[in-house]
Amino acid sequence: MPLDGQALSRALSADGTAAALPIHTTLCRREAGAFQRAAKSGDDLLVACTQERRLFLELNQETEGAPPVTERPIRFVNIRETGGWSKDAAKATPKLAALIAAAQLPEPEPVPTVGYRSGGRCVVIGPAEAAERAATLLEDRLDVTLLVTRTGGALPQRRERAVFAGEVVQLRGWLGAFELTWRHGNPIDLELCTRCNACIDACPEGAIGFDYQVDLEACRAHRDCVRVCEAAGAIDFERSVQESGERFDLVLDLGEQPLFTMHQPPQGYFHAGSDERRLMDAVLKLREMSGEFEKPKFFQYKQKLCAHSRNERVGCDACIEVCSARAIRSEAQAGGGIFVEPHLCVGCGACTTVCPSGALAYAYPGTVDQGRRLRTMLQTYRRAGGRDAALLVHSEGAGARILEDLGRAARTDRSVHGVPARVLPVAVWHTASIGLDLWLSAIAYGAADVWVLLTDEEAPEYREALAAQAAVANAILQGLGYRGEHVRLVQARDARDLAALDAALRAAPSQPVAQPAAFATQADKRATLELALDHLLAQAPRPVDEIALPAAGSSFGTVQVDTDKCTLCLSCVGACPEAALADNPDRPQLRFVEKNCVQCGLCETTCPEDAITLQPRLWLADGGKARKQARVLHEVEPYRCIRCGKPFGTLKAIEVMIGKLAGHAAFQGAALERLKMCGDCRVVDIFSNPNEVRITDL
């Protein structure tokens, strides 16, 4: 790798005048002493090598005087496969400086954890022989129970574990808390069966095998089996179908179709089917899943910002639709909002990406830390002389592996270019955790492009959501006059797609901003979006007053009111969770602040007159100030009481009310006229009318 220690030092220093950094080429072998001297210093330690991570950690442990990693963590960053092993290696110094600078940032604040407790109770579900074989691989570490789901095969003569038979009715839960319900309709009860084999010998049709279940299609109702089993009483053809249930900590599913069909099944559940490799992989993992476990709580939820429901009316359900783990459910009928089950959440962050209001926020790490990381990378890259940076967001799992494969191929194959010098890899827990707010912030910070590397890890729901968000981002940027497709999804399954990935990463840069921004991203999603939009508008090559946005994925827009239908009942104001719609206490008005609208649709579903429709757009009139000011959508003159003249409603509302009640028996004659009076005058009119029936007259 052609490394320039002096150039790297200048790029990483605040004033650009630092001394040259020493470069180690065989640090993990001949120059290991340099690492040990650095380890003993007690200073923060960053190693620009991930291949020998294990070796360096062992060296630190064995070096006398070096603080343990629990006191002084050692950080590692990969600058080889993603930078040095490329045909652009000679021009990669700005990128390497950016990667090193990002790796030196402080660790994000720790997040709360979610706990699991497993006692090792495992149920194996499937055919008899396959389930029994799997049980023998697990029984020395786990307490195994079998649920045989179909007739055929054979159970062993020895009764070494609990065995049930039946059809699965329901399976729900997660690691340490699975609830399994099954239905048993076979005449033989495996709990009572002693496996004496007398029934097998007695059955003239051979309808009973060593699975100790009756094949009801072959049985001809001789009932010889019942007579020979009289002592044990395990066979009863008159027994009604029964449902049973048990709690388990772990589940191994050997059925052809998985019991959990979502893309991300709960932790503690493994589906192997009849695949031998998947079975062995599942067995190895299951054997280690007894005890207590923790994972990060990946999200934060603020119900007061949630635009899902109001008054049992449902508006935005983007998070529910996108969750591939089915960890989110509606609480519209139980107080409003949503509920996220942290034990089922796998940390993809797609729900936070599609959430228009910021009620759901990603916490591992949060947007403040992610924004600081992106800003640091881009500032360092630019300070080192880099231009037209492209951020490549990839997962720490499959995404990192395919980039390493690309780097290794570039090192050995002349036809492979490798990761270009302008492409800065950004590793995240999951690619769906970064969305519109951080993408636009990165463009405002000076990135020419933001690319998201998708592999087989991403669920179809995530791909659709990211594509919709990318369409919105590109519509905004192109509407402002920035040339190119700034946000792009790059797809690569694995090493089979290296050639296509290699070509995709060499795409021409889009047009960046002339002057990069320096704002800090905020914990509030909408606040970050406003900061990014203000800067992009200020730097726009072609400012416009309005940008049309695609309906899917847009969290910006206006509402259109059909004034012929609207009665100014203000139901929409009460339903709006973001204070985008408001009334005027001094006169009948419906006012609207477009900046606050998240296009959730609650106003549209709540309006009793069907007078409201949504219009996705980004309104930038008056330099973006107009969308931040309240404007009147509908206004009418107040209706005045026919008796005292006091305003108490709107003409449209009174006309609609009279029209609906005019045929009612209780509102005839004087009673109908009272609908045109204010509340005080109605009372006075009732008590001053000599023809009115009073309670004292009855």
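Ala442 lies in helix α14, which spans residues 436-444. Helices here are DSSP runs of H or I with at least four residues, strands are E runs of at least two, and both are numbered from the N terminus. The model is a predicted one: local features need pLDDT of at least 70, side-chain atom pairs count only at pLDDT 80 or more, and totals for chains, interfaces and linings use all residues. Residues are numbered from 1 along each chain as its sequence is written, and side-chain values use heavy atoms, with hydrogens and water left out.

Ala442 is buried, at a relative accessible area of 1%. Buried means under 20% relative accessible area, exposed means over 50%, and partly exposed falls in between (1.4 Å probe, protein chains only). Leaving aside neighbours within four places in sequence, Ala442 is in contact with Leu374, Leu378, Leu391, Ala447 and Val450. Contact means heavy atoms within 4.5 Å. Asn311 is 131 residues from Ala442 in sequence, and the two are 38 Å apart in space, C-alpha to C-alpha.

The overall fold was examined next. The protein has 22 helices and 30 strands. Its radius of gyration is 34 Å, well over the 26 Å that the globule rule gives for 698 residues, so the protein is more spread out than a compact globule. The radius is taken over C-alpha atoms, and the rule is 2.2 Å times the number of residues to the power 0.38. Along the principal axes, the C-alpha atoms fill a box of roughly 95 × 95 × 45 Å. Of contacts between residues at least 6 apart in sequence, 70% join residues at least 24 apart.

Buried residues account for 50% of the 698 residues. The accessible surface comes to about 33400 Å², and 49% of it belongs to carbon and sulfur atoms. Accessible areas come from the Shrake-Rupley method with a 1.4 Å probe; for residues, only the protein chains shown count as cover. There are 79 positive and 89 negative side chains, with the centres of the two sets 6 Å apart. Lys and Arg count as positive and Asp and Glu as negative, while His and the chain ends are not counted. Each charge is placed at NZ of Lys, CZ of Arg, CG of Asp or CD of Glu.

In soluble globular proteins, nonpolar side chains tend to be buried together. The largest nonpolar core in this model has 59 residues. Such a core is a set of buried Ala, Val, Leu, Ile, Met, Phe, Trp, Tyr and Cys residues joined through side-chain atoms within 4.5 Å. Trp439, Leu440, Ile476, Leu480 and Leu536 have the most contacts inside this core. Beyond its neighbours within four places in sequence, Leu440 is in contact with Ala473, Ile476, Leu477, Leu529, Ala532, Leu533 and Leu536. A second, separate core has 41 residues, including Cys122, Ala134, Ile235 and Phe270.

Asp534 sits in helix α17, residues 525-538. Asp534 is partly exposed, at 35% relative accessibility. Gly623 is 89 residues away along the chain, yet the two C-alpha atoms are separated by 8.6 Å.

His308 occupies the loop between β13 (299-301) and β14. This histidine is buried, with a relative accessible area of 2%. His308 and His430 are 122 residues apart in sequence and 24 Å apart in space, C-alpha to C-alpha.

Glu312 is found in the loop between β14 (309-310) and β15 (313-314). Its phi is near 65 degrees, a positive value in a residue other than glycine. Glu312 counts as exposed, at 53% relative accessibility. Glu321 belongs to helix α10, residues 318-322, and is exposed at 54% relative accessibility.

Asn197, in the loop between β8 (178-184) and α7 (198-202), has a positive phi of about 70 degrees although it is not a glycine. Tyr364 and Pro365 are joined by a cis peptide bond, with omega about -5 degrees. Pro365 lies in the loop between β18 (360-362) and α12 (367-383).
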